[in-house]
2 protein chains.
Amino acid sequence: MSSYGQFCPVALGAEIFAERWTPLILREMLHGEISFSDLHRGVPRISKNLLVQRLQPLHASGIIEQVAAGEHRRHYRLTVAGLALGPVIDALGTWGYNWASKDLDDEHLDPDFLMWSLRRLLRMDALPDERVVVAFRFRGHADRLYWLVLQRSGVDLCLHDPGYGVSLEVNGTVAALAGVCLGHAEIRRAIHDGEVELLGAPRHRKGFPTWLGVTHFAALPKVAAAVSR
Amino acid sequence: MSSYGQFCPVALGAEIFAERWTPLILREMLHGEISFSDLHRGVPRISKNLLVQRLQPLHASGIIEQVAAGEHRRHYRLTVAGLALGPVIDALGTWGYNWASKDLDDEHLDPDFLMWSLRRLLRMDALPDERVVVAFRFRGHADRLYWLVLQRSGVDLCLHDPGYGVSLEVNGTVAALAGVCLGHAEIRRAIHDGEVELLGAPRHRKGFPTWLGVTHFAALPKVAAAVSR
DNA sequence: CGGTATCCCCCGCGATACTG
DNA sequence: CAGTATCGCGGGGGATACCG
């Protein structure tokens, strides 16, 4: 029995929404049409099997649908009912931002997800005209390297050297850059404090801080009583 | 691993909120201080074991706390951080009301929960001065009887005849009365259509429709596109 | 009332391989 | 890329009994 057995609107909503992984899947889909692979990149710790299992009831409930995306490609997209879940995601994220995002433990600081977030938060209009390749290396994760290929026409995240040469190297802690994404820290201050180190030509070191955006939750009025736990 | 591994506020919120049963538990607690037993009555299909298991992380996260309630009694209560989850419950219920409350299947129409809802939705100020005992019997659930003891000083729900004598007898379908609670149907119309039958003195049959309230979600602006599924 | 303690079963989920 | 198929395990959770 997967039903709560209640006709209460909260219970009816929870049957669909309050399922493990589902809020994260919906969060990704709120950014627009998306392919299965990109969806998986946004929620990397879910298995493909389980992702499919989560998408099925969302489809059956009329919350998502599939649309053709070129030859032999399909994308997922929210329906009107799915878009109506936006305020729920927003309310949940607002709570999470105010009450749970201050002291993050290592468990929440996956560099894969950080890179995917940095990619999403890039301020496209602030990027330089030339192509810039930025390499990232994180303390405590020496085994993983990332390359961000920045162009105004589009941005790529690579796990292997794309071969164009590296314009800027970023070394730092995941915590510091996550704090920047969340708007809890200033990138320039993190650099000054040595939590993030930039290696490259001065124009790229100067430019980098201007390319990064922050989550839209950072624009919320702060809750004074919110404590770190 | 119970963490999503993401520092995103939505993920951080979901780790706590999007757990099975948790939204229903929080919904009950938003009504104010509550004892373990009453909490269980509002979520009758959860086991006591599991209810305790769900309360523990809420306590550890600083969302709920326990307060003394007389000698040897304790109640649960939301903290400030817990009250801040109110907008999330509200957003979820709003979605559920608009997109999932139109066509309910039997699985969602548990008479136990209906009675608990009726009890909560009674308009205390509209009750008569005298004590009135209302007995309920539902089609398809002939084995279960309920008595609602109405007094302006307080209301009791009993599973055994309280012995004061019965002033009014209500026979009907769970679906019809659930529709009334949700504001989808008018109780007078349900009576006229034979979905609900009242047996008793005329003044009680006249009074009964005035005693019932509807969920506050019914006051929302209707979403035109919302379909029944 | 307000929970613990214990037993045990099932299925949710991860790992791995495969397909069009 | 976009999933499906299969196997196997672990623990989530139901049932029941107990306790202060």
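Modeller: Start with the bounds, which come from an automatic or database domain assignment. Here chain A is assigned domain 1 (9-100) and domain 2 (106-216). This is a predicted model, where local features need pLDDT of at least 70, side-chain atom pairs count only at pLDDT 80 or more, and totals for chains, interfaces and linings use all residues. Residues are numbered from 1 along each chain as its sequence is written, chains are lettered from A in the order in which they are written, and side-chain values use heavy atoms, without hydrogens and water.

Colleague: How many residues of domain 1 of chain A are in contact with domain 2 of chain A?

Modeller: Contact means heavy atoms within 4.5 Å. Nine residues of domain 1 of chain A touch 10 residues of domain 2 of chain A. The C-alpha centres of these two domains of chain A lie 27 Å apart.

Colleague: What area is buried between domain 1 and domain 2 of chain A?

Modeller: Buried area is the accessible area (1.4 Å probe) that two parts lose on being put together, summed over both. For domain 1 and domain 2 of chain A that is about 810 Å², with carbon and sulfur atoms giving 51%. On the domain 1 side, His31(A), Arg45(A) and Tyr97(A) lose the most area, together 52% of what that side buries.

Colleague: How many salt bridges cross the interface of domain 1 and domain 2 of chain A?

Modeller: The rule asks for a side-chain nitrogen of Lys or Arg within 4 Å of a carboxyl oxygen of Asp or Glu. It finds two across this interface. Arg45(A) forms a salt bridge with Glu107(A), with the closest N and O atoms 2.8 Å apart.
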